[in-house]
Amino acid sequence: MLRIEQVLGSRLDAALAQRIHELEHLGAVDLLMVPVADVSRHRFRATTQGGTEVAIALPRDQQLFDGAVLVLESDHAVVVR
């Protein structure tokens, strides 16, 4: 299970956008579909479209949003939709 404890930024941020774009072309961006009712929650479990189980445990000062980047590594990324 993948544990997420912070939002790295937005997929639209200049610092992240280019790398996310490159990973999209490689098919290496996994989407975490979060229902509107769960966006304001700070702790919950979910499964990405690729089948990865994720445990979200965000600090109180962070919140999920459409395009939130949760994981950004050299070979894959996880983005909220």
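Which residues have the most contacts inside the largest nonpolar core? Some notes on that and on the helix beside it follow.

1. A word on the source: this is a predicted model, with local features needing pLDDT of at least 70 and side-chain atom pairs counting only at pLDDT 80 or more, while totals for chains, interfaces and linings use all residues. Residues are numbered from 1 along each chain as its sequence is written, and side-chain values use heavy atoms, with hydrogens and water left out.

2. On the opening question, I4, L32, I56, L64, L70 and V80 have the most contacts inside the largest nonpolar core, which has 15 residues. (A nonpolar core is a set of buried Ala, Val, Leu, Ile, Met, Phe, Trp, Tyr and Cys residues joined through side-chain atoms within 4.5 Å; buried is under 20% relative accessible area and exposed over 50%, with a 1.4 Å probe and protein chains only.) β4 (43-47), β5 (53-57), β6 and β7 each supply at least two residues of this core, and β6 gives the most, with 3. Helices (H or I, at least four residues) and strands (E, at least two) are DSSP runs, numbered from the N terminus.

3. Take L64: leaving aside neighbours within four places in sequence, L64 is in contact (heavy atoms within 4.5 Å) with V7, V34, V39, F44, L58, L70 and V80. There's also a second, separate core of 7 residues, L16, L23, V69 and A77 among them.

4. Now α1, where L16, I20 and L23 are buried. They cover an arc of only 60 degrees around the axis, so they sit on the same side of α1; the arc is taken from the directions from the helix axis to the C-beta atoms. A14 and H25, on the other side, are exposed.
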